[in-house]
Amino acid sequence: MKDQAGRRRVRRLAIGTAVVLALAGMNGPWLYRVGTEKYHEYQINRPEYKADNGHWEIVEFPEKYRQNTIHAALLRTGKVLLVAGSGNNQDNFDAKKFDTRIWDPVKGTIKKVPTPNDLFCTGHTQLANGNLLIAGGTKRYEKLKGDVTKAGGLMIVHNENPDKPITLPAGTKFTGKENGKTFVSKDPVLVPRAKKVFDEATGKFLRNDPGLGRIYVEAQRKGAKYETGTQDNYRVQGLSGADARNTYGIAQKLALDKKDFQGIRDAFEFDPVAEKYIKVDPMKEARWYPTLTTLSDGRILSVSGLDDIGQLVPGKNEIFDPATKKWTYTKRIRQFPTYPALFLMQSGEIFYSGANAGYGPDDVGRDPGIWDLDTNKFTKVPGLSDANMLETAGTVLLPPAQDEKYMVIGGGGVGESKLSSEKTRLIDLKDANPAFTDGPSLGKGTRYPQASVLPDDTVLISGGSEDYRGRSDSNILQARMYDAETGEMRRVADPLVGRNYHSGSILLPDGRVMFFGSDSLYGDKANTKPGKFEQRIEIYTPPYLYQDAQPSLSGGPQTIERGGTGTFTSQHASTVKKVRLIRPSASTHVTDVDQRSIALDHKVSGGKITVTVPKNRNLVQSGWYMLFVTDDQGTPSKAQWVRVP
């Protein structure tokens, strides 16, 4: 066997230690601070420190390419798609300035991409063909109380005609029978026909259950005197005959209260080769803050979100078929808060960790559990600590995915609560009676933690803030490495940039991790200055890239069937201990349900490594993956892209 010592080299950086130490020893507060900073720089750049703790560096794009990145996904080309839409900036929204960038982390190039609509707060997931499905986004920005000048809200339109649906155009007027006030619809609404209900035993007709449509209405004129305080029935103006008798509206309070964001139905595939958006059939429901989860047959489940009137979608979930490019409703309804963390299990069921990004009732759809999509049965799982602090929590399917163990990380109280959790919670879904137990502490209550699964079966957990959107200068400049095999967690090098709301992380094909975004509400501890969106990218190089040269990996097939094998070449094949197939991330709002690391069986013969892909399509969803090999020192190769059809 060849001597491996030559390749086990450590990159070293020369530092002017004498100058640094001299500065650190000088007197005076300013000189002491400068000296301390210089000494810190010296410390974190020492080869030994990097080999133990890793290293961070900031990437700053040229000014004309900067944007408020809200969403990021690794494409099968190795480039990263960075999506801002309007970037949480209403001036951009009003000017229809919607942004997308493609960044090549190897070449360092960045490119602007035309963006077809406001994909701010959209949902996304990797498709089997290597495209990225993107669905939903922003129709209207929120209006805070005080900025709302016309009373408005939700009107439920009823159609009692069992023979036909009815469409009411935008501008339809509704007049209250009791209050006499008139409200106008902002969009058209299709109200389905009524459903005839019969007695199951006798077949006797019982009643018509009216078809229901939801529409946002607002008063014709400005001012508080047009508000309503109670529920009322509303006559629909402009109808006659049977339509007038069968169609009416019911609304609760219509007021000058805060109005939430409104979603859109638009859906697109992003083609990573052509580097452009391709419009597909729109969703049945408008959605803002939805989660997209890939099912075992390659179809995509779309769940939750705020609809086109700013209301939580009422449990009406739908599925996209990549073959037809069409959406269909699921047979039954189930409601979740926005951006629910939903993962496909090896059984084909869906695991909901309880983590979410916020909007929705406090007491509906927040319990973690296992969801059978076919029967709609939902089995709750017990033991979750800090269960009232699951907003802005992260969830990771721990490596390897075959173990079916999950970690729920941090989180905070509902809405703008100051509560935050320092807990990590673990659950093994292979247990006969799965229940959560507490894992290692994060040390501080942590909202918005970023977490990425690495090829050596560790998880990098970084950033977040102790308070809502980094309020009171509460960003956490700490990072930790969790070892999924031993259950141990340790501090590693501190990040240079604070990350809270609208941030995320992506594992790159060379084994490094990219961090993006952060949208602080305020820019100071006293909460008097408005925050500034963090446009810089930060790259973390894990310790394993400072310990050894990466084992080589080349050749091999580009496609491997489930249950099939592929043979790759490596000069260091004899040292390979692990092979992992890692699905590329699509991350936003602390939600990344795509990432998973699958262990592959492997055999070594000379300079060849033959790997076998598991047969379970619930474990190995169709699509493109990064194939990493890791040597006996824990150092991974650069990834080879492999497609599982």
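Biologist: What makes strands 30-31-32-33 an open sheet, and in which sense do they pair?

Modeller: In this predicted model, 4 strands form an open sheet in the order 30-31-32-33, with antiparallel pairing. Strand 30 (394–397) and strand 33 (437–438) stand at the edges with a single partner strand each, so one side of each is left without a neighbour in the sheet. Strands here are DSSP runs (E, at least two residues), numbered from the N terminus. Residues are numbered from 1 along each chain as its sequence is written, side-chain values use heavy atoms without hydrogens or water, and local features need pLDDT of at least 70, while side-chain atom pairs count only at pLDDT 80 or more and totals for chains, interfaces and linings use all residues.

Biologist: How do you know that strand 30 and strand 31 pair?

Modeller: Two strands pair if DSSP finds at least two bridges between them; strand 30 and strand 31 (residues 405–409) have 4 bridges in the antiparallel sense, so they count as paired. Within this pairing, Thr-395 stands opposite Val-408 in strand 31.

Biologist: Why is strand 4 called largely enclosed?

Modeller: Buried means under 20% relative accessible area, exposed over 50% and partly exposed in between (1.4 Å probe, protein chains only). In strand 4 (residues 99–103), 5 of the 5 residues are buried, so the strand is largely enclosed by the rest of the structure. Asp-99, Arg-101 and Trp-103 point one way from strand 4, whereas Thr-100 and Ile-102 point the other way. Strand 4 is joined to strand 3 (residues 80–85) by 5 bridges, and these two strands run antiparallel.

Biologist: Why is the pair of Tyr-289 and Tyr-359 called edge-to-face?

Modeller: Rings of Phe, Tyr and Trp (its six-membered ring) pair if their centres lie within 6.5 Å, and planes under 30 degrees apart count as stacked, over 60 as edge-to-face and the rest as tilted. The ring centres of Tyr-289 and Tyr-359 are 5.4 Å apart with planes at 90°, so the pair is edge-to-face. The two residues are 70 residues apart in the chain, Tyr-289 in the loop between strand 21 (276–280) and strand 22 (291–294), and Tyr-359 in the loop between strand 27 (350–352) and strand 28 (369–371).

Biologist: How do you know whether Tyr-359 is buried or partly exposed?

Modeller: Tyr-359 has 22% relative accessibility and therefore counts as partly exposed, whereas Tyr-289, at 2%, counts as buried. Both belong to a cluster linked by ring pairs, which also includes Phe-93 and Trp-288.
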